Amino acid sequence: MSAAHDVSNENDMFDRMPIISPVLSANENSAQSTPKPIDIRHEDEPELSTSSDKQSEIIYNDSEKRRLLPDELPVVECIARARIPTTQGPEIFLHLYSNNVDNKEHLAIVFGEDIRSKSLFRRRPNETQSDRMTRGAYVGKLYPGRTVADKDERSGKEITCDANGELIYPKEEIEQEIKDPTLVRIHSECYTGETAWSARCDCGEQFDEAGRLMGKFGKGCIVYLRQEGRGIGLGEKLKAYNLQDLGADTVQANLLLRHPADKRSFSLATAILIDLNLVNVRLLTNNPDKIIAVEGKNRLVKVIERIPMVPLAWQHKDSGIQSTEVDGYLRTKIERMGHLLQKPINI
Ligand SMILES: Nc1nc2c(ncn2[C@@H]2O[C@H](COP(=O)(O)OP(=O)(O)OP(=O)(O)O)[C@@H](O)[C@H]2O)c(=O)[nH]1
């Protein structure tokens with residue numbers, strides 16, 4: 001994602017590899033190319049990372065990167081929320097979002113019943129308490145026979161809305177959020193790492209680890225964005241994997257396919273965090289560009305603290321993903337994408 005890597009000194013292997021034929025690359029005219037993933041960036045928003053053209057790469061510093069972010073955030077709306085008991089122990093509240101820039105189902109995986117979505121709890125014309133419970137706009141816990149969404153008789157929890165039907169956050173909750181910022185992870189979809197047991201990347205491990213930490217603290221949020229393959233889509237990521245087997249690294253493979261190293265946008269994540277009133281956060285990441293991107297141009301969300309995501313295999317000899325592929329992937333992230341990680345010498 002970072003533009004800070006130097007493409008003028010590509011390693012030998014990369015120099016010997018031609019840019020992939022337009023027939024295989026993401027050429028709009030090519031009948032054989034996989035469908036282009038929907039670009040969720042705002043129309044003025046630049047790709048955060050390198051251009052796909054090796055020669056014309058522009059290197060941005062942090063304030064330039066922030067300045068280039070869009071002024072306006074997408075509009076998001078939480079459509080439904082439900083409690084999910086998990087096999088890992090803690091219960092989560094899964095929030096499904098719609099938005100005005102794409103038609104994908106982005107999610108917020110929320111640990112803690114008291115993290116509330118403004119758009120979900122907003123009163124809708126003519127809706128009944130039963131409608132509200134069905135959408136998930138209830139406090140406390142549902143139980144057979146419950147009739148009121150806005151108040152849970154068993155726990156004594158209650159919400160209030162203003163005259164326009166907008167949720168009012170209790171003052172103590174706002175003060176608590178400032179004193180004790182919420183743990184947040186922004187996760188981008190990775191079918192291979194989450195579902196197909198891939199040992200090429202650490203995405204699945206990071207997802208599990210974020211959930212474990214949030215379960216332990218009893219509060220947190222994983223924003224799950226549908227931007228597979230750093231935004232290039234699964235089909236293109238599979239081609240990138242083949243190029244990696246042919247010797248390219250994860251950045252080079254994207255460039256060979258005429259994609260930027262990182263095509264993602266995080267403005268939907270910013271909008272979702274604001275909707276959940278999570279505006280002071282402790283962000284689990286090694287990626288400095290993600291911090292800038294999530295905070296957005298006007299810093300409506302503030303990353304108060306960065307919590308590193310150290311691969312488990314680097315923490316304990318016999319745990320985590322043990323594979324040469326993941327080692328190479330992490331090395332590239334450090335060397336070419338500016339990730340804030342240092343492999344311990346004794347592991
Ligand atoms: N194009 C491409 N995408 C990959 C590859 N490996 C993983 N991904 C995608 O990378 C994304 C996950 O990146 P993140 O876990 O957010 O990593 P990050 O932004 O680099 O930084 P962290 O927050 O430190 O993890 C997912 O969309 C994956 O599908 C690869 O080799 N090529």
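Buried residues, meaning those under 20% relative accessible area with a 1.4 Å probe and protein chains only, account for 50% of the 347 residues in the protein chain. The model is predicted, so local features need pLDDT of at least 70 and side-chain atom pairs count only at pLDDT 80 or more, while totals for chains, interfaces and linings use all residues. Residues are numbered from 1 along each chain as its sequence is written, and side-chain values use heavy atoms, with hydrogens and water left out.

The protein chain contains 13 helices and nine strands; these are DSSP runs numbered from the N terminus, helices being H or I with at least four residues and strands E with at least two. Its accessible surface, from the Shrake-Rupley method with a 1.4 Å probe, is about 17000 Å², and carbon and sulfur atoms hold 52% of that. Contacts are heavy atoms within 4.5 Å. Of those in the protein chain between residues at least 6 apart in sequence, 66% link residues at least 24 apart.

The ligand sits in the largest cavity. A cavity here is a set of points, on a 1 Å grid over the protein atoms alone, where a 1.4 Å probe fits but cannot get out, and a molecule sits in one if more than half of its atoms lie within 2 Å of its grid points. The shell around the ligand draws two or more residues from each of β6 (182-188), α7 (203-217), α8 (234-245), α9 (250-256) and α13 (324-337). Helix α8 gives the most, with three residues. There are 25 residues around the ligand, and those that come nearest are Arg 185, Arg 264, Thr 285, Asn 286 and Lys 290; a residue counts as near if one of its heavy atoms lies within 4 Å.

A side-chain N or O atom of Arg 264 lies 2.7 Å from an oxygen atom of the ligand. For Lys 237, a polar side-chain atom is 3.1 Å from a ligand oxygen, and for Gln 227 a polar backbone atom is 3.2 Å from one. Taken alone, the ligand exposes 660 Å², and the protein buries 100% of that.

His 95 lies in strand β2 (residues 92-99) and counts as buried because its relative accessibility is 0%. The side chain of His 95 reaches the backbone oxygen of Phe 93 at 3.1 Å. Ser 119, in helix α3 (residues 118-121), is buried because its relative accessible area is 2%. Its side chain reaches the backbone nitrogen of Cys 78 at 2.8 Å.

Asp 275 is one of the buried residues of α10. In this helix (residues 267-275), nine of nine residues are buried, and just after it Asn 277 takes a positive phi of about 60 degrees. In helix α11 (residues 288-295), Ala 293 is buried because its relative accessible area is 4%.

Key. Polar contact = N/O pair within 3.5 Å; in protein donor to acceptor, adjacent residues only side chain to side chain. 1 Å grid on protein atoms, 1.4 Å probe; cavity = no way out; pocket = protein on both sides within 12 Å on 5 of 7 lines; lining within 4 Å.
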